[in-house]
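Please keep the sequence and the model in view while reading.

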Amino acid sequence: MSSETCLLQAHNLACERDDRQLFRGLSLTAHAGECWQIVGPNGAGKTTLLRVLAGLFTHYDGELHWHLSGDFREHLLFIGDRPGMRAELTPLENLNWLNALHGLDDADPWPALASAGLRGFEDVPLTQLSAGQKRRASLARLWLGEQKVWILDEPFAAVDAAGVATIETRLADHAAAGGLVLYTSHHAVGSEVRRLELGP
């Protein structure tokens, strides 16, 4: 599953929040073609670690190096545990807005929404969708853009079995095509997934 191209090196990472040690001595070397599952009990720092890796949280100790050209953030797709979309807009409107924000004006959101399982709900405001449908709307971004690295916080949360299978296939395909996936979940994507455990 792994190629020889190293994309990420983290050495001796440590992080505290609210005077509480979340993790320390954490090291990770991740390559193109790999899928990493980050697990641990609630409060172990899984979400914080993802935000550190994505450059969204900078209050940590240790060394972190992305081996990506230019600004590493341009190569990252980060999807948090919340939809990250405007509730009053439809999935289609939200994706069009996100595409424009990231310079993907020519990207067609319709196939992405269909692939995510939202066919027939493209024009329904998010406020009227179920939690699982909102999650699918957010995850439709996995079918848009060309970011090499995906950082996903609980991508399977609130999604039904059919949706889980679809997302699992999408993540595995991305890794197989030379991408890198780092995600938090208790659900493993295939037998070759790498595993990083936080907590005692």
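How many salt bridges does the count come to by this rule: a side-chain nitrogen of Lys or Arg within 4 Å of a carboxyl oxygen of Asp or Glu?

## Basis and salt bridges

This is a predicted model, in which local features need pLDDT of at least 70 and side-chain atom pairs count only at pLDDT 80 or more, while totals for chains, interfaces and linings use all residues. Residues are numbered from 1 along each chain as its sequence is written, and side-chain values use heavy atoms, with hydrogens and water left out.

The count comes to four salt bridges. One of them joins Asp160 and Arg136, at 2.6 Å from N to O. Asp160 lies in the loop between S6 and H5 and Arg136 in helix H4, so this pair ties together parts that are 24 residues apart in sequence. (Helices, H or I of at least four residues, and strands, E of at least two, are DSSP runs numbered from the N terminus.) Accessibility is classed as buried under 20% relative accessible area, exposed over 50% and partly exposed in between, with a 1.4 Å probe and protein chains only. Asp160 is partly exposed at 44%, whereas Arg136 is buried at 13%.

Arg86 and Glu88 also form a salt bridge, with N to O at 2.6 Å. Arg86 is partly exposed at 46%, and Glu88 is partly exposed at 47%. Arg73 and Asp71 meet at 3.1 Å, N to O; Arg73 is partly exposed at 49% and Asp71 is partly exposed at 31%.

## Helix H5

Helix H5 has 16 residues (161–176) and should span 22 Å at 1.5 Å a residue, the expected span being 1.5 Å times one less than the number of residues. The end C-alpha atoms of H5 are 22 Å apart, which agrees. Its buried residues are Gly163, Val164, Ile167, Leu171, His174 and Ala175. They cover an arc of only 105° around the axis, which puts them on the same side of H5; the arc is taken from the directions from the helix axis to the C-beta atoms.

Strand S3 (35–39), helix H4 (131–139), strand S6 (149–153) and strand S7 (180–184) are among what covers these buried residues. On the other side of H5, Ala161, Ala162 and Ala176 are exposed. Just after the helix, Gly178 takes a positive phi of about 100°.

## Nonpolar cores

A nonpolar core is a set of buried Ala, Val, Leu, Ile, Met, Phe, Trp, Tyr and Cys residues joined through side-chain atoms within 4.5 Å. The largest has 30 residues, of which Leu49, Trp66, Val149, Ile151 and Leu182 touch the most other members. The elements giving two or more residues to this core are strand S1 (6–17), strand S2 (20–31), S3, helix H1 (46–53), strand S4 (61–66), S6 and S7. A second, separate core of 17 residues includes Leu77, Ile167, Val181 and Val193.

## Aromatic pairs

Rings of Phe, Tyr and Trp (its six-membered ring) pair if their centres lie within 6.5 Å; planes under 30 degrees apart count as stacked, over 60 as edge-to-face and the rest as tilted. The structure holds two such pairs. Trp66 and Phe72 have ring centres 6.1 Å apart and planes at 10°, so this pair is stacked. Trp66 is buried at 12%, and Phe72 is partly exposed at 22%.

The rings of Phe156 and Tyr183 have centres 6.1 Å apart and planes at 80°, so this pair is edge-to-face. Phe156 sits in the loop between S6 and H5 and Tyr183 in strand S7, 27 residues apart. Phe156 is buried at 8%, and Tyr183 is buried at 0%.

Technical notes: Contact means heavy atoms within 4.5 Å.
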